Amino acid sequence: MPRQFVFPVVRVGKPLAFCVLALPLALLGIDVWREFQLPGSGLGPDPGEDVVHHLGTWGLRTLLLTLAVSPASRLFKRPQLVRYRRMVGLWAFTYLVLHFLSYFWLLGGYAAGVAIDGRRLGFAEALVMDIYKRPYITAGFLALVLLIPLAITSTRGWQRRLRRRWKTLHRLVYPAAIAAWTHLLWLSKGSFMDPFVYGLVLVVLFGERIVFRIRKQRRARAASAV
């Protein structure tokens, strides 16, 4: 009976979760459309900055949500929740990619080209220089780069190919989350409430994993002693 009950819930839950995760992007699309129809009606006084901030915020939130899936499955004793982790992780990657693309296009001036000392730089050269000169962009770009191999190898096929190395590779999500939080911290001006809240969530999620691993090792030692 439990198997017959869980299976339909998972089948219905995944499309529902997909729609919920896509909702912030859909709402942003509506605001952008309203902004084109009537400037000032959909976004704030700086539409480009609002778009970049919206995508970055939801990128970090979904990344933290990805890290929260396993602790939630253990806390509520619902191992089937782990089936949602790949979807949430891919949405986090999507939001962060869009965040960087929107920054480079809307705020970085790459669409019109970047000129330094009277010399117009190519896209790649200007991008490297921007990443090098601005630490908060360096941290954010590092988070994105760390997530790329995770997104590529997120399928079951790659999991079978890599076997035990798959879990080792996907631990890159931890430094990626730290780099994303550092990006937010360095970007914050005046108010540090958001970095504090997200940092606290990150500490709790990391702490739960440490406690879980310690308990697991203790149970393994106790079983081997018996």
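View 1. At least two lining residues of the second largest pocket come from each of α2, α3, α5, α8 and α9. Helices are DSSP runs of H or I with at least four residues, strands are runs of E with at least two, and both are numbered from the N terminus. α2 supplies the largest share of this lining, six residues. The second largest pocket has a volume of about 740 Å³. It is lined by 28 residues, of which H53, H99, H183, L184 and L187 are the closest to its centre. By class, its lining holds 16 nonpolar, eight polar and four charged residues. Nonpolar covers Ala, Val, Leu, Ile, Met, Phe, Trp, Tyr, Cys and Pro; charged covers Asp, Glu, Lys and Arg; the others, Gly among them, count as polar.

Residues are numbered from 1 along each chain as its sequence is written. In this predicted model, local features need pLDDT of at least 70 and side-chain atom pairs count only at pLDDT 80 or more, while totals for chains, interfaces and linings use all residues; side-chain values use heavy atoms, without hydrogens and water.

**View 2. Lining of the largest pocket.** The space in the largest pocket is about 1400 Å³. α2, α3, α5 (135–152), α6, α7, α8 (173–187) and α9 (193–225) are the elements that give two or more residues to its lining. α3 gives the most, with seven residues. Of the 37 lining residues, S70, V82, R85, W166 and H170 lie nearest the centre. The lining has 17 nonpolar, eight polar and 12 charged residues. A pocket is an open set of points on a 1 Å grid over the protein atoms alone, where a 1.4 Å probe fits, with protein on both sides within 12 Å along at least five of seven lines; lining residues have an atom within 4 Å of a point. Points are joined across faces, edges and corners, and a volume is the space filled by probe spheres set on them.

**View 3. K77 in the loop between α2 (47–75) and α3 (85–107).** K77 is not a glycine, yet has a positive phi of about 55 degrees. Most residues other than glycine have a negative phi. K77 counts as exposed because its relative accessibility is 69% (exposed means over 50% relative accessible area, with a 1.4 Å probe and protein chains only).

**View 4. R163 in the loop between α6 (156–162) and α7 (164–169).** R163, also not a glycine, has a positive phi of about 55 degrees. With a relative accessible area of 67%, R163 is exposed.

Note on methods. Buried means under 20% relative accessible area, exposed over 50%, partly exposed in between (1.4 Å probe, protein chains only).
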